[in-house]
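These notes follow a reading of the model, one topic to a point. Please keep the structure open while going through them.

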Amino acid sequence: MKPCVLLYHFQGTRRGRLLKSILVTMGVRIKNVERSEYRKPIGELAGIRKEEKEAESYEGEELPEEMMIMCGFTQSMIQELLIRIRRQRMAPVDLKAVLTPTNQNWNSLEIYEEIKKEHRMMHEKTQAD
């Protein structure tokens, strides 16, 4: 599988343009996830599996934050991406995840809630230390 990144809320922003240029130079395919696609499984959005029945189009609220899901990335690719982001002096992308066999069946709304919960727990732990 060719590595790809699912991006949420980066379109039309300076951060989005910087991030996309980094990903392109790394040879990574980019998929900007539209609000109407939020009910589709992450694995389908990444192009690794096809659902037998079409997911219902989502018409609810837009996700409120940037989110990035890395698909088909090795550990060294993740490190390289994070280093390149820092070199561009970009603020980190707070909500990010790696596609796994478990979360590939989740949709964007479900993975957003899980990443948000993990991010909050990490910050609480860091502040307590």
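1. Leaving aside residues up to four places away in sequence, Lys31 touches Val5, Leu6, Leu7, Glu37 and Leu45. The model is a predicted one, and the contacts should be read with that in mind.

2. Where does Lys31 lie? Lys31 is part of strand β2, which covers residues 29-32. Gly47 is 16 residues away from Lys31 along the chain, and the C-alpha atoms of the two are separated by 9.7 Å.

3. Next, a pair of helices. Two packed helices are described by the angle between their axes and by the distance between those axes. Here helix α1 (residues 14-25) packs with helix α3 (residues 75-87) at an angle of about 140°, and their axes are 10 Å apart. Because of that angle, α1 counts as oblique to α3; the label "roughly antiparallel" is kept for angles over 145 degrees. The crossing of α1 past α3 is right-handed.

4. Which residues make the contact between α1 and α3? From α1 come Leu19, Ile22, Leu23 and Thr25, while α3 supplies Leu81, Arg84 and Ile85. By type, the residues of this contact are five nonpolar, one polar and one charged.

5. The last topic is empty space. Rolling a probe the size of a water molecule over the atoms shows where such space is left. In this model the largest pocket holds about 240 Å³ of space. Strand β4 (96-98) and helix α4 (108-128) are the elements that give two or more residues to its lining.

6. How many residues line the largest pocket? The lining has 14 residues, and those nearest the pocket centre are Lys96, Ala97, Ile115, Glu118 and His119. Helix α4 gives the most to this lining, with seven residues. Sorted by type, the lining of the largest pocket has six nonpolar, four polar and four charged residues.

Note on methods: Residues numbered from 1 in each chain as written. Predicted model: local features only at pLDDT ≥ 70, side-chain atom pairs only at ≥ 80, totals over all residues. Heavy atoms only, no water. 1 Å grid on protein atoms, 1.4 Å probe; cavity = no way out; pocket = protein on both sides within 12 Å on 5 of 7 lines; lining within 4 Å. Points joined across faces, edges and corners; volume = space filled by probe spheres on them. Helix = DSSP H or I, 4+ residues; strand = E, 2+ residues; numbered from the N terminus. Nonpolar A, V, L, I, M, F, W, Y, C, P; charged D, E, K, R; others polar. Axes fitted to C-alpha atoms, helices over the stretch in contact; angles between N-to-C directions. Parallel < 35°, antiparallel > 145°, perpendicular 65-115°, else oblique. Left-handed = near helix turned anticlockwise from the far one by under 90°. Contact = heavy atoms within 4.5 Å.
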